[in-house]
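I am opening my notebook to record, entry by entry, what I look up in this structure.

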Amino acid sequence: MELSLNHVDYLQVGVTSQKTMKLLPAVGRKATQKVAVADHDGVVNCFGMKKGEAVPVFKSLPGQKISRLELGGALGTPQEKIFVCSGSEVRGYTKKGKQFLSFEANLTESINAMHVSGADLFVCASYIYNHYCDCKDQDYYLSGDKINDIVCLPVETVGRTVPILACQDRVLRMLQGSELLYDFEVPGPPSVLELHNRDGGKNGEEVLYGTADGKLGLVQLTSSAPVSKWEVDNEKKKGGVLCIDTFDILGDGVKDILVGRDDGTVEVYGLDSSGEPTLRFENVLSESVTSIQGGCVGKESYDEVLTTTYTGWVSGLTTEPQQMEAGPGDEVKMSRETQAKVAALRVELEQLQVKVMQGREKYQQSSQSNTAVSAVPVFSINDRFTLCQDDASYSLTLEVQTAIDNLLLQSDVPIDLLDVDKNSAVVSFSECDSEPNGNFLLATYRCQANTTRLELKVRSIEGQYGTLQAYVTPRLQPKTCQVRQYQIKPLSLHQRTHSIDQDRPMNTLRLVGQFSFAEIHSWVVFCLPEVPEKTPAGENITFYFQNTFLGTQLEASYCKGEGNFKSDNISTISILKDVLSKEATKRKINLNISYEVNEDSVSHTLKMIHPKLEYQLLLAKKVQLIDALKELQVHEGNADFLIPEYRSILDESARLLEEYKKQPAHLERLYGMITDLFIDKFKFKGQNVKTKVSQLLEILDNYDLNSLMDFFNDA
């Protein structure tokens with residue numbers, strides 16, 4: 001069955017956070033549902049739809065930014081009480097808008113995730129989880145990394161309180177009281193959790209999770225061990241998952257999975273007879289989807305997928321047909337309801353035009369006045385700077401509540417800008433004086449009209465670290481700009497992983513000195529991405545990393561006064577040695593550095609680079625041939641006389657050129673890695689081989705793995 005859904009906009013509120021919109025339970029069997037939505041202005045807005053118009057039920061007064069909205073109520077009754085958290089306060093409203101609860105959790109940080117179950121309230125703020133029962137403190141847990149979301153298995157089914165935390169270090173943690181029962185490793189940093197079927201499935205133990213890198217999964221969390229049911233990979237490189245819901249929109253009696261992503265994609269997954277998900281519907285909005293719910297809002301008997309976007313648009317994808325088809329000569333009569341709607345829209349449009357005119361006049365007068373004070377308009381930016389595992393690049397996403405005019409990117413380290421299909425902005429590069437000012441990149445993106453979201457991809461070079469700055473200028477008067485800064489770390493292409501292969505040939509770096517656990521942890525945070533800023537609990541810690549570009553790995557274990565780093569790539573050890581000794585020198589700490597170099601690791605790393613280098617050389621060779629082959633084809637009239645290999649190059653010319661264009665400087669990057677490996681190998685022996693680099697480059701131009709390995713061994 002093909003699903004056909006039509007887009008309708010209902011209302012716009014202020015900028016919204018993740019999971020801040022819910023549908024209240026329906027009163028009758030076929031009745032429409034009320035919508036509760038909260039925004040950054042601190043307003044809780046509850047409305048229903050009547051004859052195509054949004055009719056307000058209640059609207060709270062503005063206040064501090066609201067970060068979550070949940071529904072609650074006594075167990076076994078309709079969950080129709082509205083709970084919101086802003087700062088460290090939780091407030092409760094009845095469905096009519098009467099505030100019945102104001103609870104101050106007295107946390108030092110703002111609450112960013114919340115769950116309500118009967119008289120139990122579960123809140124999370126960065127690393128801290130708290131459980132309150134009837135507003136009295138019950139349990140407390142300190143997580144090893146930031147908590148992104150929380151959900152509780154249903155008490156009615158499971159018979160006990162079981163909170164599940166989604167933590168940034170790619171782990172779901174299951175708690176029992178204030179203790180960790182067990183954790184479950186997921187393939188990416190989990191960003192959202194939701195109970196399957198809204199009740200945890202048959203046993204109440206099934207939890208859906210979405211990750212920041214766009215993966216989706218279902219896990220059964222039993223009392224003894226987790227059981228992974230299925231996982232959907234993000235092969236099409238869509239955005240990260242921000243919200244999930246389950247609702248039978250297909251009408252086949254099985255609840256479907258509704259997914260909202262940060263690139264504006266809305267998806268509906270149907271479950272087949274074996275319980276495996278298949279994509280049944282997809283729609284792309286122009287901005288990130290912060291909340292998603294399935295229900296009946298616009299018209300009774302017509303189900304829909306309701307979404308809220310970052311800038312506050314509450315809109316639906318409804319099963320109700322929105323257009324009528326007419327043949328030639330047919331008359332289409334507008335219903336009274338539609339006529340009234342069109343008339344109301346015209347009146348509203350005229351009123352808005354008058355308001356804009358008055359505003360412009362007022363601004364013109366005040367801008368020419370001597371006494372008026374110019375105020376900078378405030379606008380919020382939603383930004384993400386994340387490492388993509390598939391192509392070892394960083395994705396920078398900027399979303400603004402108003403249209404972006406232009407974006408200026410500036411970097412004090414060499415980075416490559418990669419092509420992004422979704423990006424329609426015009427980019428222009430300016431020349432930089434990299435030597436005296438350390439300015440390596442200056443690029444301007446000029447956006448098309450009404451662009452509120454921009455996605456860029458950059459690739460850094462390991463060992464070169466600094467800051468990438470984005471200057472965002474929206475289409476606002478007076479002209480104003482906000483600057484966002486992103487750290488490019490020394491080992492920027494490394495990603496946290498759960499375990500590494502211990503059988504690889506490893507090089508070891510050992511540091512001993514008068515430094516505290518917090519000091520060495522801050523150095524590791526400076527060097528590597530995805531390490532929590534907070535010093536871990538306990539006396540020592542071990543982290544595992546994988547290089548997303550080459551697949552080499554790193555183990556970092558350290559405690560007070562000692563640090564041990566192991567890697568199968570000698571260049572990784574060399575970068576760590578340079579950066580850590582520089583950081584220690586800054587703090588006037590004397591370090592005793594020792595290292596063990598495994599000769600086999602160099603040939604092992606060269607073998608890991610080999611397939612990538614071979615592929616890139618072949619690609620470059622094919623691209624060089626394309627023009628000549630096309631000329632031959634034009635000259636001869638066809639390409640039948642060519643050997644099959646050349647014919648396939650001609651057939652695939654568009655794809656080859658596209659791939660080559662998408663990966664600028666890929667070959668130079670691999671050459672640079674091999675050159676660094678060569679220099680680092682001999683640096684640890686106390687030899688300077690920079691004079692032999694030209695010979696190395698000659699060998700690379702006539703590349704053969706064996707002759708390259710011989711050169712490394714004989715030099």
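In what order do the four strands of the open sheet stand, and is the pairing parallel or antiparallel? I keep in mind that I am reading a predicted model. I find the order β10-β11-β12-β13, and the pairing in this open sheet is antiparallel. At the edges I note β10 (113-117) and β13 (136-142), each of which has a single partner strand, so one side of each is left without a neighbour in the sheet. From one strand to the next I read a twist that averages 15°.

**Entry: strand β19.** How many of the six residues in strand β19 (residues 206-211) are buried? I find that six of its six residues are buried, and I therefore write the strand down as mostly covered. Glu206, Leu208 and Gly210 point one way from β19, while Val207, Tyr209 and Thr211 point the other way, and I note that all of them are buried.

I then looked up the partners of β19. Strand β18 (residues 190-195) is joined to β19 by five bridges, and the two run antiparallel; here the bridge partner of Glu194 is Leu208 in β19. Strand β20 (residues 216-221) is also joined to β19 by five bridges and runs antiparallel to it, and in this pair I find Val219 of β20 as the bridge partner of Val207. The hairpin of β19 and β20 has four residues between the strands, and I mark Gly214 there for its positive phi near 90°.

**Entry: helices α6 and α11.** Two packed helices are described by the angle between their axes and the distance between the axes. For helix α6 (residues 599-636) and helix α11 (residues 705-714) I read an angle of about 150°, with the axes 11 Å apart. An angle over 145 degrees counts as roughly antiparallel, and α6 and α11 are therefore roughly antiparallel to each other. I record that α6 passes α11 in a right-handed crossing. From α6, Val602, Ser603, Leu606, Lys607 and His610 meet Leu705, Leu708, Met709 and Phe712 in α11, and by class this contact has six nonpolar, two polar and one charged residues.

**Entry: helices α5 and α9.** At what angle do the axes of helix α5 (residues 570-586) and helix α9 (residues 666-683) cross? I find that they cross at roughly 65° and come within 9 Å, and α5 and α9 are therefore roughly perpendicular to each other. I note a left-handed crossing where α5 passes α9. The contact is made by Ile570, Ser571, Ser574 and Asp578 of α5 together with Asp676, Leu677, Asp680, Lys681 and Lys683 of α9, and I sort these residues by class into two nonpolar, two polar and five charged.

**Entry: Thr307.** I end with Thr307, which I find in strand β27 (residues 304-309). Is Thr307 buried or exposed? I count Thr307 as buried, because its relative accessibility is 2% and the cut-off for buried is under 20%. Leaving aside neighbours within four places in sequence, I list the contacts of Thr307 as Met21, Val266, Leu285, Val289, Ser291, Ile292, Trp313, Val314 and Ser315.

Terms used:
Residues numbered from 1 in each chain as written. Predicted model: local features only at pLDDT ≥ 70, side-chain atom pairs only at ≥ 80, totals over all residues. Heavy atoms only, no water. Pairing = 2+ DSSP bridges. Axes fitted to C-alpha atoms, helices over the stretch in contact; angles between N-to-C directions. Parallel < 35°, antiparallel > 145°, perpendicular 65-115°, else oblique. Left-handed = near helix turned anticlockwise from the far one by under 90°. Contact = heavy atoms within 4.5 Å. Nonpolar A, V, L, I, M, F, W, Y, C, P; charged D, E, K, R; others polar. Buried < 20%, exposed > 50% of the residue type's maximum accessible area, 1.4 Å probe, protein only.
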